[in-house]
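Dear colleague,

Please find the structure below, handed over for your own work.

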Amino acid sequence: MADFNKGQTFLDLKSVNIDGIKGKYFIALSDADYIDDEIICFVMNTEKFMSKYMVNCNKQYQRFIISPGTFSFISKPTSIMLEKEWHYRFEEMFMDTIKILDLAPDLLVRQIKNCIDWGYILPKAKKIIEDSFK
Amino acid sequence: MYFKRHGLSITCYEYSTYPFGPVPQNLYNQILSDSLPESFKAEFKIVKTETDDDDDEYMRFRVALKNAGIDYSCFTPYEKEMLETVSFIFKEATAKEMTEITHLHNSPWDKTKNQIGMFKPIDYFLAVDDETTLDIELLKERFDLQKEQCLNGRL
């Protein structure tokens, strides 16, 4: 087992959005062992247009929808936005601005991974994710 | 083209209405002030070229690659696909022809120039047309997501 595991969710308190600093929830799709390892993550947002989507994989939209209660901090239907990966370093996970949350079950993590359209993902990030599932 | 298909920008730049077409103003200013990021300087240099026309009021530049092999690893497969499409379309086009294409009636450049004026930012959403298959909400979500990534330096 790695020191940091795929499926780990976390809150980045210093994340900046268009309106200013606002915490963002992420799920990691890769493992990390060493302090400078890159971690590939996807952002989670409350879904405002649930009528368009179904729960789980919506591949043509690159949205993976999770139901309220999937994680302890999710109280509304939530989109994992798969069309852009976010890059973090393992060392950042120890910072005060990162709050480590729930670990997603392996089945869910694999469902999310299999929902990704790799055409949107940098080759380097794809390799990091795929290596974590070997 | 990439935005109207995927709701994302390949460059993350904001483009403005310049006389010869849409120009990423930040990049243009970096070129003029010789302050391009080091990662760019490692790959290419901008060379000022002479013009035969003494009355030409504009400076002309040429992009000179420093390496024979270009590192495409900073592009996703869809971005690479788009670069190949655009380079195929314009491989024989002259600068003048490319300028004319950006000036076509109702192009984003043309609409912005007519409605707001020259040297003004061009709204990416002006590229949306009948070929756009994603709905506006999804385009907006994706575009905002990418802007946030750029703000956070998480690309």
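Residues are numbered from 1 along each chain as its sequence is written, while chains are lettered from A and ligands numbered from 1 in the order in which they are written. The model is predicted, so local features need pLDDT of at least 70 and side-chain atom pairs count only at pLDDT 80 or more, whereas totals for chains, interfaces and linings use all residues.

Confidence

The model scores ipTM 0.88 and pTM 0.88. Where pLDDT is low, the predicted coordinates should not be read in detail.

Chain A

Chain A contains 2 helices and 9 strands, and its elements run β-β-β-β-β-β-β-β-β-α-α from the N terminus on. Its C-alpha trace spans about 40 × 35 × 25 Å along the principal axes. The radius of gyration is taken over C-alpha atoms, and the globule rule is 2.2 Å times the number of residues to the power 0.38. For 134 residues a compact globule would have a value near 14 Å, and the 14 Å of chain A agrees with this.

A residue is buried if 20 or more other C-beta atoms lie within 10 Å of its own, exposed if 12 or fewer, and partly exposed in between, with C-beta atoms placed from the backbone. By this criterion, 38% of the 134 residues of chain A are buried. Two residues are in contact if their C-beta atoms, likewise placed from the backbone, lie within 7 Å. Of the contacts in chain A between residues at least 6 apart in sequence, 61% join residues at least 24 apart.

Ala125(A)

Ala125(A) belongs to helix α2 of chain A. Ala125(A) counts as buried because 21 other C-beta atoms lie within 10 Å. Leaving aside residues up to four places away in sequence, Ala125(A) touches Ile40(A), Glu85(A) and His87(A). His87(A) is 38 residues from Ala125(A) along the chain, with 8.2 Å between their C-alpha atoms.

Interface

At the interface, 19 residues of chain A are in contact with 16 residues of chain B. On the chain A side, the elements giving two or more residues are β2 (16-17), β8 (78-89) and α2 (123-132). The largest share, 5 residues, comes from β8(A).

Yours sincerely

Terms used. Helices (H or I, at least four residues) and strands (E, at least two) are DSSP runs, numbered from the N terminus.
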